[in-house]
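Subject: Structure for you to look at

Hello,

I am handing over the structure we spoke about. Please look through it before you read my notes below.

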Amino acid sequence: MMAIVDARHPASVRRLWGMTNLERILHLLMEQGVTQVVLMRTQDGQALRWKNRRPMQRLAVHEFTGSLDEAIEEARRCGVDAVFVLDGRVACDRRILAHLAVGNGSGAVVIHDRQAAVALVRRDGLHRVAVPLPDRVYEATLALVGQPQRPGELDSYIPALRHRIEPYLIPLETPDDERAARSIMFRLAYKGGLDFIYLYGYRPIVRAVVSLTSPTPLTPNEVTIGYLVVALAALPFLAKGAFAAGLLLCLVSMIGDATDGVLARLTFQTSRLGHYLDKYSHRVYHSLWYVAIGWGLSGGTVESPVFWNGLLLVLMYIVSRHITGSFKARYKISIFDITPFDRFFRLIAGARWNINMLVFTIGLLVGRPAAFFYGMSGWGFVALLFWLSRHFTAGSVRSAAATSRTVQ
């Protein structure tokens, strides 16, 4: 597959989260199987610089200084089956490109009032173009594919991120446009459907950290390794009863855990190693934190009930992950995102670390850490019962899941 990208506008090299908008577009095109790009540039255009040069080596980029209709003629001669036509000054949602790529025939998604356009044109559509096109991607899109579709007509639910965000096309013409694009890109990289500490406590911190790190050579995998080291460093403090210092290290580790995935998604640096480290390491260090707290509260006495409560919290944590994971595999929707009540309950539900960390911190502040440690198990058991009940309401869950994909 091939693409024509009009990169003559200065906004195409505007940087968003450490990458130019043009580089971001090229990465999105590669995700849809594009291997060749006709890149429309001005004669005096600056040399292009890539943040992630290695993935770009898989893409053949041909810089072109002619007009748009000449670029389309170039695409005709290549004999490809389909050609994406994009405006390099427009921040584009990957879901729009994916929607066009799986469709039949020619298609377009545009925003009428701002004249932003993305189109996919099949080979027969290119051959039907008999007259020179206007030298603007928006008007060329209408000439090539006819009736457009607005981004809001596409599905807004993102299963991997567990929340809804409308697909976007944002022409980067003003500072307000740039701020809007940065904001929605961050929302698309930050997971939803989690507890209120993750959503409202970590979020501004993660955004600030990613703003500082995205222009640097720091990689998400390096962030992952860093927070894993901090997570292990918390263990001796918790086990010795130095809970304030231990919880502070736990907090730093959890912020790092929230940061690495956001940085990876914003800068196209996701990797299989990072995915597995992030996914499976939680089960290890969260479990060790519970055991260490139980050891610290019991004074190292294995027979103590408070130590066994730490083991119970480990069991509840593992069971909760199994329940929620099997639900998503079965119904293709997160158990936390079925109804508004499910989303609210997940904000405060136990059985996971963030809420438990808050509960235990309150216990320390009021001088009753052991009692609140037991309370973590009680509140977690309530969450397990609620989530387990969802598996026995299959009919209503299927209906809610179907509604969730169509509403909004």
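The notes below go from the whole chain to single residues.

This is a predicted model, in which local features need pLDDT of at least 70 and side-chain atom pairs count only at pLDDT 80 or more, while totals for chains, interfaces and linings use all residues. Residues are numbered from 1 along each chain as its sequence is written, and side-chain values use heavy atoms, with hydrogens and water left out.

Whole chain. The protein chain has 16 helices and twelve strands; these are DSSP runs (helices H or I, at least four residues; strands E, at least two), numbered from the N terminus. Of its 408 residues, 52% are buried, meaning under 20% relative accessible area with a 1.4 Å probe, protein chains only. Among contacts (heavy atoms within 4.5 Å) with a separation of 6 or more, 74% are between residues 24 or more positions apart.

Cores. A nonpolar core is a set of buried Ala, Val, Leu, Ile, Met, Phe, Trp, Tyr and Cys residues joined through side-chain atoms within 4.5 Å. The largest has 56 residues, and those touching the most other members are Met185, Tyr202, Val206, Val262, Leu266, Trp289 and Trp353. Helix α10 gives the largest share of this core, nine residues. Another core, of 31 residues, lies apart from it and includes Val5 and Phe268.

Leaving out residues up to four places away in sequence, Met185 touches Leu16, Trp17, Arg24, Ala91, Tyr168 and Leu266.

Rings and charges. A charge sits over a ring if NZ of Lys or CZ of Arg is within 6 Å of the ring centre and within 35 degrees of the ring normal. Arg182 lies over the face of Trp17, at 4.1 Å from the ring centre, and Arg207 over the face of Phe186, at 5.5 Å.

Two backbone angles. Most residues other than glycine have a negative phi. Trp17, in the loop between β2 (15-16) and β3 (19-20), has a positive phi of about 55°. Trp17 is buried, with a relative accessible area of 0%. Phe268, in the loop between α10 and α11, also has a positive phi, near 55°. Phe268 is buried too, with a relative accessible area of 16%.

Regards

Conventions: Buried means under 20% relative accessible area, exposed over 50%, partly exposed in between (1.4 Å probe, protein chains only).
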